[in-house]
Amino acid sequence: MIFCNIPVLRRFLVLVPILMLGLLGNVPAQDDDDGPPAVHIRERMMQVKKIKLIGVLDMDEVTAEKFFVKYNLAQNNIEEAHKALDGTLTELQQAIAANETARIKELTDKSLKNHAALQEAVGNMFTSVRSVLSEVQFAKLIVFESRFQEEVRRRLMEMNRERRRDRDDDDKPKKRRQ
């Protein structure tokens, strides 16, 4: 008995190199080993996300190539919107700590604009890739994007709980065996 579906396996073997070429296009020219761990984690998460997308959307070669060109561009725009929002929120936290009332008002308005820009970037991503996907694939993408984010949040919370638990266990005095 054969345990794999040959057409799916063939499609996977064709699409993985395409995806890898797309991923290699995002690698910086210099070795970034001493960059912040969050950047490496985010890059790894995007790689996993793209691999899962190939399986979920069940795309042929041509569709996958067109999809990832548009998807990668849109993801870059989303990332830029995230960075702008994060920067504004950092400034806002500093203004709150310094009790700078006038600056707080300005930065609050700016953060609302950045939130709207982020939502617009996400909407633009869906709009741009919709033209290359079937309606079923597009529906699967919408569900996948939402579920993937939920899963990442859930796993991060679990990791934080485990770290806290490990830290608390390390802080407790060890009982001596007698």
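Me: Let's start with Thr63. Where does Thr63 lie?

Reply: Thr63 is part of helix α3. Keep in mind that this is a predicted model.

Me: Is Thr63 buried or exposed?

Reply: Thr63 counts as buried, because its relative accessibility is 15% and the cut-off for buried is under 20%.

Me: And what does Thr63 touch, leaving out residues up to four places away in sequence?

Reply: Thr63 touches Val132, Leu133 and Gln137.

Me: Let's follow Gln137 then. Which helix is Gln137 in?

Reply: Gln137 sits in helix α5. With a relative accessibility of 13%, Gln137 counts as buried too.

Me: What does the side chain of Gln137 reach?

Reply: That side chain reaches the backbone nitrogen of Ser134, at 2.9 Å. If you skip neighbours within four places in sequence, Gln137 is also in contact with Leu57, Asp58, Met59 and Thr63.

Me: OK, Asp58 is new to me. Where is Asp58 found?

Reply: Asp58 is in the loop between α2 and α3. Its phi is near 50°, which is a positive value in a residue other than glycine.

Me: How does Asp58 count: buried, partly exposed or exposed?

Reply: Asp58 counts as partly exposed, because its relative accessibility is 41% and that class runs between the 20% and 50% cut-offs.

Me: What about Asn99, what's its phi?

Reply: Asn99 has a phi of about 55°, positive although Asn99 is not a glycine. Asn99 is in the loop between α3 and α4. At 60% relative accessibility, Asn99 counts as exposed.

Me: Let me zoom out. How many helices and strands are there in the chain?

Reply: Five helices and zero strands. Reading from the N terminus, the order of elements is α-α-α-α-α.

Me: How do α3 and α4 sit relative to each other, in terms of axes?

Reply: Helix α3 covers residues 61-97 and helix α4 covers residues 101-130; their axes come within 9 Å and cross at roughly 170°. That makes α3 roughly antiparallel to α4, because angles over 145 degrees are classed that way.

Me: Which kinds of residues make up that contact of α3 with α4?

Reply: The contact divides into 19 nonpolar, nine polar and four charged residues.

Me: Can you show me a spot in α4? Say, where is Ala121 and what is it in contact with?

Reply: Ala121 is in helix α4. Setting aside neighbours within four places in sequence, Ala121 is in contact with Asn77, Ile78 and Ala81. Ala121 and Ala81 are 40 residues apart along the chain, and their C-alpha atoms are separated by 7.3 Å.

Me: Buried or exposed, that Ala121?

Reply: Ala121 counts as buried, with a relative accessibility of 10%.

Me: New topic: the largest nonpolar core. Which residues there touch the most other members?

Reply: That core has 24 residues, and Leu53, Phe67, Tyr71, Leu133 and Leu141 touch the most other members. Helices α2 (37-57), α3, α4 and α5 (135-171) each supply at least two of the core's residues. The largest share, eight residues, comes from α3.

Me: Pick Tyr71. What is Tyr71 in contact with, leaving aside neighbours within four places in sequence?

Reply: Tyr71 is in contact with Lys49, Leu53, Met125, Val129, Leu141 and Glu145.

Me: And for the whole chain, what percentage of residues count as buried?

Reply: Of the 178 residues, 23% count as buried.

Me: Last one: among contacts with a separation of 6 or more, what share is between residues 24 or more positions apart?

Reply: Residues 24 or more positions apart account for 68% of those contacts in the chain. The Thr63 we started with gives you an example partner list to look at: Val132, Leu133 and Gln137.

Key:
Residues numbered from 1 in each chain as written. Predicted model: local features only at pLDDT ≥ 70, side-chain atom pairs only at ≥ 80, totals over all residues. Heavy atoms only, no water. Axes fitted to C-alpha atoms, helices over the stretch in contact; angles between N-to-C directions. Helix = DSSP H or I, 4+ residues; strand = E, 2+ residues; numbered from the N terminus. Parallel < 35°, antiparallel > 145°, perpendicular 65-115°, else oblique. Nonpolar A, V, L, I, M, F, W, Y, C, P; charged D, E, K, R; others polar. Core = buried A, V, L, I, M, F, W, Y, C linked by side-chain atoms within 4.5 Å. Buried < 20%, exposed > 50% of the residue type's maximum accessible area, 1.4 Å probe, protein only. Contact = heavy atoms within 4.5 Å. Polar contact = N/O pair within 3.5 Å; in protein donor to acceptor, adjacent residues only side chain to side chain.
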